Amino acid sequence: MTRLVVISNRVAVPKARGAAGAQGGLAGALNSALRKHGGIWFGWSGQEVDEYSGDIHVQRSADGVTTATIDLEPQDIEEYYNGYANSTLWPLFHYRIDLTEYEREFGRGYERVNERFADSVLPLIEKNDTVWVHDYHLMPLGERLRARGVNNQIGFFLHIPWPPTRLFVSLPYHERLVRSMLHYDLIGFQNDEWLESFLHYCRKELGAEVNDKTGEIRLDGRTSRAKSYPIGIDYDHFMAKGDTGKARQAQQRLMSSTRHRVAMIGVDRLDYSKGLPERIDGIGRFFDTYPDQVRDLVYIQIAPPSREDIGSYQDIRATLEQKTGQINGARSEVDVVPIRYVNKGYSQEELFGFYRAAKIGLVTPLRDGMNLVAKEYVAAQDPEDPGVLVLSRFAGAAQQLQDALLVNPHSPDDVSHNINRALHMPLAERKERWEKLIVTVREDNVLRWTDNFISDLQSAEMTQQA
Ligand code: F6P
């Protein structure tokens, strides 16, 4: 087995964000991959220093993963992370062209940090290492490494959606960005929809020779391959977290505080792509349509804040506070509050317990690469009395989890109708649906995802010598 060099923007699992889904799937998934394969995980430390030094901090974590990190300076963070990654690419790739900012400085900062990553990681890469780059922060990194003479197999995985060509071409220098991606041997997407959009773009806009069956893309004498690899949760690890006193206590805590009411739960980073205001509108519609059920249901929204320096994230927080406040103001009684809105993260153990106590899991992003909360919710259910997953048809996970109640998150009526269906679903149907869902969640886990990607990457021909 060759050594892995994993490169992503974030390395450490951020504190105070427990669930793989709530922190974004990436950090949890990569931790698991490295625990199994061994190697190095390189990225930004999350720290800001006055001036970039290029110093690399090497650490071995408690679970045996070696991390190597660099600090960035304020201008890098502003232009690369808050700027190009999260104010240009993130909204555009989540179909929010209205929120997309195209600032020249953002593009320059993105290029600069990708160069810094390439320079810093270069001495850590050994001859037979397999290099695996992750996510939209680092799309041009493969080309930067090739320019420095790296001939190893280099793969790239995009954790977020790939937008339709008509949206993507609104990005200035879109051709340059995708041409740089074609220096990877293998490019992975979360599902077939994003893969097809990417292949369509390569054919239509770059004039590349594309084989839809094999995913091969030929351009300028190089061949890359693109394929979909739906990410999963670290099933065994998550189940072990569930088998703890802390998880059982959390379950009990939620059950005793909701008593005779059904608990419905949502766990999301506070991000506009997660469809939180739209979800609250759907819940409001449910209470308007079925006012006699206000006493039957309590909704718990766990939403740890995210990317707080960015205006659109501050706006979503304000909108959500206003909407939950309105519903609670209108619908509460002295002994009934219909929505509990919590702006903090919980450990995986606690989330497991909360998921298990909740008879409905509401996961309704407007657009999402995969969404691992949906999978964690399924994993945490009691096989004898499972809850119901209500899932957006626009989450990448919907392609695999067809036995959930699939909804259009833009339609308050559809969300309300499906909450009602979930609330009254007979035990036999709940079991039947869950038994199908759990097979996918258990089998298509993160270890399989890693193995599939890495073995395809390692068997890719060395086609990159231009
Ligand atoms: O999954 C997408 C992603 O951007 C990951 O790269 C990241 O770990 C997660 O969402 C959370 O975002 P951030 O690192 O910006 O807090």
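First, the ground rules. The model is predicted: local features need pLDDT of at least 70, side-chain atom pairs count only at pLDDT 80 or more, and totals for chains, interfaces and linings use all residues. Residue numbers start from 1 along each chain as its sequence is written.

Domains next. Domain 1 covers 4-232 + 446-459 and domain 2 covers 235-443; the bounds come from an automatic or database domain assignment. Their C-alpha centres are 29 Å apart. At the contact, 27 residues of domain 1 meet 31 residues of domain 2. Contact means C-beta atoms, placed from the backbone, within 7 Å. On the domain 1 side, α1 (20-23), α2 (25-37) and α3 (74-93) each supply at least two residues. Helices are DSSP runs of H or I, at least four residues; strands are runs of E, at least two; both are numbered from the N terminus.

Now helix α13, residues 348-357. Ten of its ten residues are buried. Buried means 20 or more other C-beta atoms within 10 Å of the residue's own, again placed from the backbone. These residues pack against α9, α10, β11, β14 and α14.

Last, the core. The largest nonpolar core has 138 residues. Such a core is a set of buried Ala, Val, Leu, Ile, Met, Phe, Trp, Tyr and Cys residues joined through C-beta atoms within 7 Å. Ile7, Ala374, Leu389, Val390 and Leu391 touch the most other members. Helix α3 gives the most, eight residues.

Methods. Contact = placed C-beta atoms within 7 Å. Buried ≥ 20, exposed ≤ 12 C-beta atoms within 10 Å, placed from the backbone.
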